[in-house]
Amino acid sequence: MRIFFFLVCCHLALGSGAAGEPRPDKASRRDVFLITIDTLRADHVHCYGYDRVQTPSLDQLAKQGVRFTQAFTPSPITNSSHASILTGLLPSAHGVSDFGVPLAASHLTLAETLKKRGYRTAAFIGAVILDSKALAPGLDRGFEFYDNFPAQSETKSRWGRVERRGMEVVQHAETWLNAHPAGPHFVWVHLYDPHDPYEPPPPYSEIYKDRLYDGEIAYADSALGHFLAYLKKQGWYESSLIVVVGDHGEGLGEHHEDTHGIFLYDSTTHVPLLVKLPEQREAGRTVEAQVRTTERLPGPFLVRRIIRCALDGLLCGPFERKASSLSRRRSRNSTICLPTRTNSRTITCHGIRECRSCVKYSRS
Ligand SMILES: [Zn+2]
């Protein structure tokens, strides 16, 4: 989601006081927390109009931040999507087309950018598919701590071997933050729970026994709530930038796709995107326009944007204007999605989404 990359860069540039300074002034530094929730369909979140699940933490962020109603991922594949979030690039540019494909060192990650500016950086993943020593090489670049899975697992259970419950992921993050209280922090938390197989723990397994995917979402929301409560207790919540985004959705049988990774319909590409700005600026704003991803913003243009942010002298002012402008615009932006898979083979498939629920053109 390049909008996330852009937003954090604005945030970063303002924190530095001047675009060219390598380290931000201590008094103006603010924490950045990125929470990605795996396999989260926008239309299965309460604040997106779905009343069959309780997601109080996501709802709270929507109330205190900006909610993008039409956000789309460039790929329904976990590590391709996350590589886009961390680099701001489309998969065709960053090259991570499938599991195990390394992110080239030539593509600067957000963590690298922030670390250079004096941020403490750490990542906490919920599944081995984002393990930088195995299936996601290069995603750990710029993180001084990346919470990979043990090379030798002592258990045959998938828990702890290939997957961590959301509550364990956030507790790892909180433990690291306790040990590194001096900021500013850039912390990425990945909650994998809604990914299949759907096995939420009690009481969600009981409350949602007929809709276990929703139960996983409700459970992931509770883990998010634990983390937000921790940030409040530490006194970091108000002043921080918090972004929550899905990496892709889930087919749930639509278009004959049960999970994800093959097709590029809304079921697997339409994701929730919530942005809580420091001091809850823009609280409650809803952006209806499609966001991302046909705009190509090469490095120099992005730098100009950063400099403009810095010169503006108003925290996230450019973002606010962009949000305001997007609010007035109709959903006519287009989105390019690629790559995807078929018969376990990665192919490049382009889709241009030009209107609501409409894939205008595709080819493979
Ligand atoms: Zn995923």
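Two strands pair if DSSP finds at least two bridges between them. The exercises below apply to a predicted model.

**Exercise 1. Strand 6 and its partners**

Determine in which sense strand 6 pairs with strand 1 and with strand 7, and name the bridge partner of T36 in strand 6.

*Solution.* 
1. Strand 1, residues 32–37, runs parallel to strand 6 in a pairing of six bridges.
2. Within that topic, T36 has V245 of strand 6 as its bridge partner.
3. With strand 7, residues 270–276, the pairing of strand 6 is antiparallel and has four bridges.
4. Here V244 is placed opposite L274 of strand 7.

**Exercise 2. The packing of helix 2 and helix 8**

Describe how helix 2 and helix 8 pack, and list the residues that meet.

*Solution.* 
1. Two packed helices are described by the angle between their axes and the distance between the axes.
2. For helix 2 (residues 56–64) and helix 8 (residues 212–234), the angle is about 55° and the axes are 7 Å apart.
3. Helix 2 is therefore oblique to helix 8.
4. P56, S57 and L58 of helix 2 meet D221, L224, G225 and L228 of helix 8.
5. The residues of this contact comprise four nonpolar, two polar and one charged.

**Exercise 3. Backbone features in loops**

Identify where the cis peptide bond from D196 to P197 lies, and state whether H256 is buried or exposed.

*Solution.* 
1. The D196 to P197 bond is cis, with omega near -5°, and P197 belongs to the loop between strand 5 and helix 7.
2. The bond from P202 to P203 is cis as well, with omega near 0°; P203 is in the loop between strand 5 and helix 7.
3. H256 is not a glycine, yet its phi is positive, about 60°.
4. The loop between strand 6 and helix 9 contains H256.
5. With 8 other C-beta atoms within 10 Å, H256 is exposed.

Notes. Residues numbered from 1 in each chain as written. Predicted model: local features only at pLDDT ≥ 70, side-chain atom pairs only at ≥ 80, totals over all residues. Axes fitted to C-alpha atoms, helices over the stretch in contact; angles between N-to-C directions. Helix = DSSP H or I, 4+ residues; strand = E, 2+ residues; numbered from the N terminus. Parallel < 35°, antiparallel > 145°, perpendicular 65-115°, else oblique. Contact = placed C-beta atoms within 7 Å. Nonpolar A, V, L, I, M, F, W, Y, C, P; charged D, E, K, R; others polar. Buried ≥ 20, exposed ≤ 12 C-beta atoms within 10 Å, placed from the backbone.
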